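Colleague: Could you take me through the side-chain contacts in this model? I would like to begin with charged pairs and then turn to the ligand.

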Amino acid sequence: MKSIVVANWKMNPASFREAKKLFDAERKAAEKARGVSVVVAPPAIFLRELSSLYRGSKIAFSAQNAHFDVDGAHTGEISLLQVKDARAKFVLVGHAERRAEGETDDDTRKKVAAALSLKLAPILCVGEARRTDEGEQFEAVREQLRAGLADVAASALSRVLLVYEPLWTIGKEETMDPHEMHQMAIFMRKCVVESHGEAGLRHAKAGSGLAQAGRNMKILYGGSIEERNAAAMLRDGDIHGFLVGRASANAIEFAKLLRAIEIA
Ligand code: PGA
């Protein structure tokens with residue numbers, strides 16, 4: 001199955017000239033990588049120019065954030081309509097760094113619903129701030145999923161990409177254990193089936209069990225992914241791909257990462 005890599009450049013690079021250079025290098029790497037689709041999420045100020053220069057089909061564009069209102073008095077924000085007009089197909093919702101800046105569960109609910117109504121695909125990020133032996137992480141993820149997907153019809157679920165990105169692995173030296181990711185992926189699918197039923201999940205076979213029914217819900221992992229840990233995570237983590245921060249803001253690292261996970 002094709003994997004998906006979302007390149008979250010965050011607030012990098014400093015100039016459009018550098019952004020164009022980075023994009024050109026990542027485009028070349030993406031075109032070579034078999035079995036991998038790439039979504040580039042540049043800073044909003046570079047989005048339109050990069051997307052209008054690109055003619056291929058291997059890369060899609062995403063905004064890193066957008067407001068749920070269509071217009072109005074929101075100084076400093078961009079709207080989903082503007083994102084769409086800039087030829088993005090995706091929008092990140094609820095990234096841990098946005099949540100740390102005050103984005104609430106209710107905001108994620110509104111953003112996911114507004115994106116879907118405009119035929120943009122939301123990339124909903126969930127993940128706990130800390131893990132405890134009592135399993136606090138599961139409750140935190142269940143709640144973020146419940147809120148973020150609350151206004152999504154079961155029939156629209158397949159248009160949402162989920163990312164599990166625990167705060168304690170973002171921007172760190174080491175990533176998480178792929179087997180723990182696997183466990184979380186099963187749990188996330190179970191949560192979605194509990195809230196939306198089996199019918200909304202693509203190819204769900206009646207009576208095939210909760211975790212099985214949710215298997216086709218696309219789940220990505222994010223947090224300190226790079227060349228050396230990506231293949232094991234893709235193999236054992238029960239995921240469809242990655243949301244990549246630092247390694248996506250560096251063309252050489254990004255090309256190595258794509259090579260490490262392409263289908264041989
Ligand atoms: P990182 O960031 O790959 O630098 O850990 C991931 C993210 O926050 O998207």
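Modeller: Asp105 forms a salt bridge with Arg99, with 2.8 Å between the closest N and O atoms; the term covers a side-chain nitrogen of Lys or Arg within 4 Å of a carboxyl oxygen of Asp or Glu. This is a predicted model, where local features need pLDDT of at least 70, side-chain atom pairs count only at pLDDT 80 or more, and totals for chains, interfaces and linings use all residues. Residues are numbered from 1 along each chain as its sequence is written, and side-chain values use heavy atoms, leaving out hydrogens and water.

Colleague: Is Arg99 buried or exposed?

Modeller: Arg99 is buried, at a relative accessible area of 16%, while Asp105 is partly exposed at 24%. Buried means under 20% relative accessible area, exposed over 50%, and partly exposed in between (1.4 Å probe, protein chains only).

Colleague: How many salt bridges does the rule give?

Modeller: The count comes to 21. One of them joins Lys110 and Asp106, whose closest N and O atoms are 3.7 Å apart.

Colleague: Turning to the ligand, which polar side-chain atoms lie by its oxygen atoms?

Modeller: A polar side-chain atom of His95 lies 2.7 Å from a ligand oxygen atom. For Glu165 the corresponding distance is 2.9 Å, and for Asn8 it is 3.3 Å.

Colleague: How much of the ligand does the protein bury?

Modeller: Taken alone, the ligand exposes 280 Å², and the protein buries 99% of that; the areas come from the Shrake-Rupley method with a 1.4 Å probe, and for residues only the protein chains shown count as cover.

Terms used:
Polar contact = N/O pair within 3.5 Å; in protein donor to acceptor, adjacent residues only side chain to side chain.
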